[in-house]
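Please take me through this structure stop by stop. Tell me what to select next in the viewer, and what I will find there.

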Amino acid sequence: MSPSRKTRWPVLCRVQRVGSLLLGIAYLAVFFLAPSRVVEGALLAGWGWLTFAIAVVVTSSAALIAIGVWNRTEYLERVVLASAISYLALILAWFVAWNGNSIAEPSGLDYWVVFLPGVIGCAFGFCGRIAAAIAHVVVAGGLSLAAAVIAAGGTNVTEAFAAIWILTLLCVFEVISWAVAIGALRFDEERTAALRTTIASLPSGLRSAEERRLDAMIHDRLIATLVALRPGPVDESLVESVPSILDDLSDWSKQPATTVHQVAALEFAQRLRLFVENLDDGIDIETAVSCDPGTRFPSDVSEAIIEAIGEAIRNVHRHAGPGAACVVLCDVLDDSIAAMVVDDGVGFEPEAVSDARIGVSLGIMERMGQIDGGKGRVVSAPGSGTRVELTWSRPEARR
């Protein structure tokens, strides 16, 4: 599954994954439920048509099952559309291949060619395509019934009403599958909206106290000291106060986080995506949760990484130059998190950057250094863009 889709719509993807797996198995089972019916179809349309039928059903079933097993729901809609077109081609091919005969002793309508469109219709429903689902049931189901009637040499009123009832019932199932998918999508959207509101206030909320303290140190002490400087001999007390101010700033930057809350892997990925979108919705972001979505990480770790990424993005805006493109990549594993912010801007020489550049030293390197197991690295060169690498690993994983 594509990482962005997994983090955007986790509940919908879970519903589609389970639905795809069950429908793939059902599609195959319905076709081979009555082998005698398959043989009857071959007797009336030739073994070539039967081979085509088996290929269509087996391929469509295998594709749906594969989506469920490997969790690749981003391909579901394309697979369902291809399956629907293939089934229509299969039914139309029956009319072309029909040899003009009928079954000597028909045992009723061939229900397997009626329910197959229903299975595909349910798959359309899980994709949120209710119009396509009902249209497929009506068109493909109608053609299937017509083929069954011809194969049986005609039908009676009871069987005709039974066929209409079956098609109606199938449409009800399509609506149910669509409603489940839409409900899951709305749940994901409401969750995302709530997270977006939280993330929008997260940076100021988390840092308001420490920023006020930093502002006080800079304004009340550092700037006040600089303003007190006058031409001529420097007051000895001012000289003695400077090391104290610098020590306080250094202590502030190294102060460890006190929070002990935990954040699930999937929630961290969602927070990161929303945080980046709030900063700049033009930045591409790919997050891969390569572990159980419920795996827990310390919140100070997630906050440090998110804030460091935010600082790296702000540096792109400030220094990468006009027109520079930027991408954020993040991989969440059981025992580690790795993230990168890459741009194709003007680049710079990292060794030539002064330690006074707060954005890099304090905003990225020091912030990552505050968390146990965190590391930050900046790779750049003039004319070659910049890559900010952030990594964290659990203490037990480093032993």
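This is a predicted model: local features need pLDDT of at least 70, side-chain atom pairs count only at pLDDT 80 or more; totals for chains, interfaces and linings use all residues.

Residues are numbered from 1 along each chain as its sequence is written, and side-chain values use heavy atoms, with hydrogens and water left out.

**Stop 1: helix α8**

Keep T168 selected. T168 sits in helix α8. Helices (H or I, at least four residues) and strands (E, at least two) are DSSP runs, numbered from the N terminus. From C-alpha to C-alpha, T168 and I134 are 9.6 Å apart in space, yet 34 residues apart in sequence.

Next, pick I176. Helix α8 covers residues 157-228, and I176 is in it. I176 has a relative accessible area of 45%, so it is partly exposed.

**Stop 2: the cores**

A nonpolar core is a set of buried Ala, Val, Leu, Ile, Met, Phe, Trp, Tyr and Cys residues joined through side-chain atoms within 4.5 Å. Select Y27, W49, V80, Y87, W94, L116 and I120. These have the most contacts inside the largest core, which has 37 residues. Two or more residues each come from α2 (10-31), α3 (35-45), α4 (47-70), α5 (76-97), α6 (112-126), α7 (130-151) and α8. The biggest contributor is α5, with eight residues.

Zoom in on L116. What is in contact with L116, leaving aside neighbours within four places in sequence? Look for Y27, V30, F31, V57 and Y87. Contact means heavy atoms within 4.5 Å. Another core lies apart from this one; it has 36 residues, including I313, A320, C330 and V378.

**Stop 3: strand β2**

Select residues 284-289. On strand β2, I285, T287 and V289 form the covered face, while D284, E286 and A288 form the uncovered one. Side chains in a regular strand alternate between the two faces of the sheet. Now show strand β4 (residues 326-332): it runs parallel to β2, joined by six bridges. Strands pair if DSSP finds at least two bridges between them. Within β4, D331 is the bridge partner of A288.

**Stop 4: salt bridges**

The whole structure holds nine salt bridges. Each has a side-chain nitrogen of Lys or Arg within 4 Å of a carboxyl oxygen of Asp or Glu.

- E277 and R273: a salt bridge at 3.3 Å, N to O. Both lie in helix α10 (residues 265-279), about one turn apart, and both are buried.
- D335 and R394: a salt bridge at 3.5 Å, N to O. D335 is in the loop between β4 and β5 (336-343) and R394 in the segment after β7 (386-393), so the pair ties together parts 59 residues apart in sequence.
- E389 and R387: the closest N and O atoms are 2.6 Å apart.

Finish at E311, R314 and R318, one network of salt bridges that share partners.

Key:
Buried means under 20% relative accessible area, exposed over 50%, partly exposed in between (1.4 Å probe, protein chains only).
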